[in-house]
Amino acid sequence: MRFLVISDLHANATGLAAALAAAEGRWEQAICLGDVVGYGPDPNEVIDRVRGMVKFIVRGNHDKAVSGLGDPEDLNPIARAAVEWTRSQLRPENLRYLVGLRAGPLEADGLTLVHGAFHDEDEYIYAPAQALSSLLDAPHDVTFFGHTHFQGGFSYRDSRLEMIHLQPRPGGPSFAALRLEPDTRYLLNPGSIGQPRDGDPRAGFAIADLDHGVVEFWRVPYDIKAVQERMKNAGLPEPLALRLTFGH
Ligand code: ZN
């Protein structure tokens with residue numbers, strides 16, 4: 001079984017369409033690690049696409065905030081403005097879909113899925129020390145996480161915890177393949193479809209082939225200017241549009 005792993009789509013329909021076009025024919029099951037909406041201009045389009053395609057999904061903090069379940073005060077003012085705008089745009093059935101999303105961790109066909117960390121859906125994992133408890137406590141050898149918008153992750157074997165360095169960069173190769181080793185645990189982030197923050201503005205996602213022990217980390221260019229134009233027309237905060245150019 002090959003899984004398409006997507007995360008942090010953030011209502012960016014153009015980034016999602018580019019990712020799906022690149023991944024076409026390469027996967028059988030789609031899974032999503034949350035933050036379907038928030039920041040971007042296309043919440044209904046992106047939810048429509050995810051609803052029809054994804055079998056396993058956990059909620060993200062933005063999904064929670066738009067649903068009215070999270071505390072909007074936890075978000076910075078710019079993110080909060082985007083949450084309020086998103087809420088005003090959503091069709092009722094799409095709002096219901098967001099409200100119905102469940103918190104991670106979720107077990108899905110031999111994988112564990114979380115938005116933030118194994119023990120806390122809202123925790124950010126940037127550094128190895130922050131990854132340890134998720135690596136040790138998850139029920140499967142491979143756990144996928146999102147939330148940071150950084151593609152890559154961590155491995156743990158024989159008491160050695162290592163960061164997986166993919167070094168994504170604009171214009172670099174469209175994917176990097178990671179070979180999964182036996183007796184090793186992995187905490188992997190497919191990157192963000194809708195708002196990358198690791199210095200590469202291309203949409204990030206992963207294709208995991210567990211039968212053959214390979215995870216591909218993809219980067220796909222998309223029409224960023226078209227998304228920025230829609231954000232401007234929607235009146236979304238300008239810094240949110242600007243950061244798409246740089247992937248920071
Ligand atoms: Zn996010």
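Me: Which residues does leucine 69 touch, not counting residues up to four places away in sequence?
Reply: In this predicted model, leucine 69 touches Arg59, Lys64 and Val99. Leucine 69 is found in the loop between helix H3 (61-67) and helix H4 (77-89). Valine 99 is 30 residues away from leucine 69 along the chain, yet their C-alpha atoms are separated by 7.7 Å.

Me: Why is leucine 69 called partly exposed?
Reply: Its relative accessible area is 48%. Buried means under 20% and exposed means over 50%, with partly exposed in between. Leucine 69 therefore counts as partly exposed.

Me: What makes H7 roughly antiparallel to H8?
Reply: The axes of helix H7 (residues 224-234) and helix H8 (residues 238-246) cross at roughly 175 degrees, and they come within 9 Å. Angles over 145 degrees count as roughly antiparallel, so that is the term for H7 and H8.

Me: Which residues of H7 and H8 meet?
Reply: From H7 they are Ile224, Val227, Gln228 and Met231, and from H8 they are Leu240, Ala241, Leu242, Leu244 and Thr245. This contact divides into 7 nonpolar residues, 2 polar and no charged.

Me: Why do S4 and S8 count as edges of their sheet?
Reply: The sheet is open, with 6 strands in the order S4-S5-S6-S10-S7-S8 and mixed pairing. Strand S4 (106-108) and strand S8 (160-164) each have a single partner strand, so one side of each has no neighbour in the sheet. From one strand to the next, the twist averages 20 degrees.

Me: How do you know that S6 and S10 pair?
Reply: Two strands pair if at least two bridges are found between them. Strand S6 (residues 142-144) and strand S10 (residues 185-189) are joined by 3 bridges and run parallel. Threonine 143 has leucine 187 in S10 as its bridge partner.

Me: Which strands does helix H6 lie across?
Reply: Helix H6 (residues 128-137) lies across strand S7 (152-157), S8 and S10. The helix runs at about 60 degrees to S7.

Me: Why is the pair of tyrosine 124 and tyrosine 126 called stacked?
Reply: A search of the whole structure finds 5 aromatic pairs. In the pair of tyrosine 124 and tyrosine 126, the ring centres are 5.9 Å apart and the planes are 5 degrees apart. Ring centres must lie within 6.5 Å for a pair, and planes under 30 degrees apart count as stacked. The pair is therefore stacked.

Me: What makes the pair of tyrosine 126 and phenylalanine 150 edge-to-face?
Reply: The angle between the planes is 90 degrees, with 5.9 Å centre to centre. Planes over 60 degrees apart count as edge-to-face. Tyrosine 126 lies in the loop between strand S5 (111-113) and H6, and phenylalanine 150 in the loop between S6 and S7, so the pair ties together parts that are 24 residues apart in sequence. Tyr124, Tyr126 and Phe150 form one aromatic cluster.

Me: Why do tyrosine 124, tyrosine 126 and phenylalanine 150 count as partly exposed?
Reply: The relative accessibility is 34% for tyrosine 124, 41% for tyrosine 126 and 37% for phenylalanine 150.

Me: Why are S3 and S9 placed at the edges of their sheet?
Reply: In this open sheet, 6 strands follow the order S3-S2-S1-S11-S12-S9, with mixed pairing. Strand S3 (54-57) and strand S9 (175-179) each have a single partner strand, so one side of each is left without a neighbour in the sheet. The twist from one strand to the next averages 25 degrees.

Me: How do you know that S2 pairs with S3?
Reply: At least two bridges are needed for a pair, and 3 join strand S2 (residues 29-32) to S3. These strands run parallel. Isoleucine 31 stands opposite phenylalanine 56 in S3.

Me: What touches S1, S2 and S3?
Reply: Helix H2 (residues 43-53) packs on the sheet and touches these strands, its direction making about 100 degrees with that of S3. The buried residues of H2 are Pro43, Asn44, Val46, Ile47, Val50 and Met53. They pack against S1, H1, S2, S3, H4 and helix H5 (92-99).

How values were computed: Residues are numbered from 1 along each chain as its sequence is written. This is a predicted model: local features need pLDDT of at least 70, side-chain atom pairs count only at pLDDT 80 or more; totals for chains, interfaces and linings use all residues. Side-chain values use heavy atoms; hydrogens and water are left out. Axes are lines fitted to C-alpha atoms, for helices over the stretch in contact, and angles run from 0 to 180 degrees between N-to-C directions. Helices (H or I, at least four residues) and strands (E, at least two) are DSSP runs, numbered from the N terminus. Angles under 35 degrees count as roughly parallel, over 145 as roughly antiparallel, 65 to 115 as roughly perpendicular and the rest as oblique. Contact means heavy atoms within 4.5 Å. Ala, Val, Leu, Ile, Met, Phe, Trp, Tyr, Cys and Pro count as nonpolar, Asp, Glu, Lys and Arg as charged, and the others, Gly among them, as polar. Rings of Phe, Tyr and Trp (its six-membered ring) pair if their centres lie within 6.5 Å; planes under 30 degrees apart count as stacked, over 60 as edge-to-face and the rest as tilted. Buried means under 20% relative accessible area, exposed over 50%, partly exposed in between (1.4 Å probe, protein chains only).
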